[in-house]
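This report looks at one strand and its partners, then at charged side-chain pairs. Keep the structure in view while reading.

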Amino acid sequence: MIKKVFNPVTYLLLGLSLLSINSHATEPQDHSQHAKHPVKMGLHGMLLFGSQYGLFASHLPMFHQPHNAQVVFKLSFADPKIQAEVINGINVSAKSDDPVWTIVPTTFDLSRLDPKHSNHTSQLTVDVVKGHFERGGEMQWQAQTINVDKIVLFNPLPLESGLNKSANNDYHTLNYHPDDKVQFIVNTLSVRPDADHIVRIDNVQTPLPSQLTLAADKRLFISEKQLSSALSGKENVTRIYLELGELK
């Protein structure tokens with residue numbers, strides 16, 4: 001295992017290089033249903049979370065290219081030993097004050113995770129970071145192959161400002177296995193500003209509905225206390241991730 005303090009400078013320089021490459025591209029990378037606001041090549045960091053049954057990744061989105069898509073999928077590491085160690089590390093971190101883990105795939109076109117893409121990708125090569133890869137996280141493993149097992153959500157985001165926002169917040173429920181007592185809910189993004197809000201729910205006695213729709217009352221996300229009140233009250237509701245600044 002490689003353990004060292006993660007330095008984001010390398011990724012920053014690589015990202016700047018890619019911007020230069022994209023600016024000189026002769027053809028935009030449009031893809032059918034997303035031709036108006038296509039997502040493109042880039043360094044697409046992702047939140048990594050899960051339970052004893054398996055893992056999810058959620059792309060860290062923004063309302064500008066090439067990151068203008070909310071993407072959530074089930075994944076597995078090609079190396080079973082790495083899979084087991086990552087799951088164990090995530091479950092230990094879930095009980096701490098810093099539950100964040102991230103993965104950093106090598107640069108690729110994010111739109112290839114769209115299940116309708118003609119060249120949909122089923123594997124990525126990633127670095128695994130305990131913590132946020134751009135905010136002082138610790139590298140754990142490098143150049144690991146992951147299998148993209150199932151796309152749960154591919155949600156292209158508009159680039160415009162000033163669009164009308166719904167009065168409700170819709171949360172998408174993730175359940176890796178029917179017997180799993182751990183479930184996750186993800187705020188479904190709509191228009192700017194918004195909140196990339198992902199919550200872990202422990203002690204789930206019965207599977208949650210596939211979607212929770214709650215009155216937003218002009219708030220960008222529903223607090224964990226409010227989410228707990230909307231459930232049976234027996235669950236343990238904790239925040240995994242909240243990002244507001246990148247989604248203004």
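Which side chain meets that of E224 in a salt bridge? The model is predicted, and in it the partner of E224 is R239, with an N to O distance of 3.1 Å. This pair links distant parts of the chain. E224 lies in helix α3 (residues 224–230), R239 lies in strand β14, and 15 residues separate them. E224 is buried, because its relative accessibility of 14% falls under the 20% cut-off. R239 is partly exposed at 37%.

**Other salt bridges**

The count of salt bridges comes to four. Among them is the pair R135 and E243, whose side chains meet at 2.9 Å, N to O. R135 sits in the loop between β8 (123–130) and β9, while E243 belongs to strand β14 (residues 236–243). The two are 108 residues apart, so this pair too links distant parts of the chain. E243 is buried, with a relative accessible area of 10%. R135 is partly exposed at 48%.

D194 and K165 form another such pair, at 3.1 Å, N to O. Both residues are in loops: D194 between β11 (183–187) and β12 (196–202), K165 between β9 and β10 (168–174). They are 29 residues apart. D194 is buried, with a relative accessible area of 2%. K165 is partly exposed, with 32%.

| Residue | Relative accessible area | State |
|---|---|---|
| E224 | 14% | buried |
| R239 | 37% | partly exposed |
| E243 | 10% | buried |
| R135 | 48% | partly exposed |
| D194 | 2% | buried |
| K165 | 32% | partly exposed |

**Strand β5**

Is strand β5 largely enclosed or open? Nine of the nine residues of β5 (residues 69–77) are buried, so the strand is largely enclosed by the rest of the structure. Its side chains point two ways. A69, V71, F73, L75 and F77 point one way. Q70, V72, K74 and S76 point the other way. Residues of both sets are buried, K74 and Q70 included.

Which strands pair with β5? Strand β4 (residues 54–59) pairs with β5 in the antiparallel sense, over four bridges. Here A57 stands opposite F73. Strand β9 (residues 138–156) also pairs with β5 in the antiparallel sense, over nine bridges. In that pairing A69 stands opposite P156.

Conventions:
Residues are numbered from 1 along each chain as its sequence is written. This is a predicted model: local features need pLDDT of at least 70, side-chain atom pairs count only at pLDDT 80 or more; totals for chains, interfaces and linings use all residues. Side-chain values use heavy atoms; hydrogens and water are left out. Buried means under 20% relative accessible area, exposed over 50%, partly exposed in between (1.4 Å probe, protein chains only). Two strands pair if DSSP finds at least two bridges between them.
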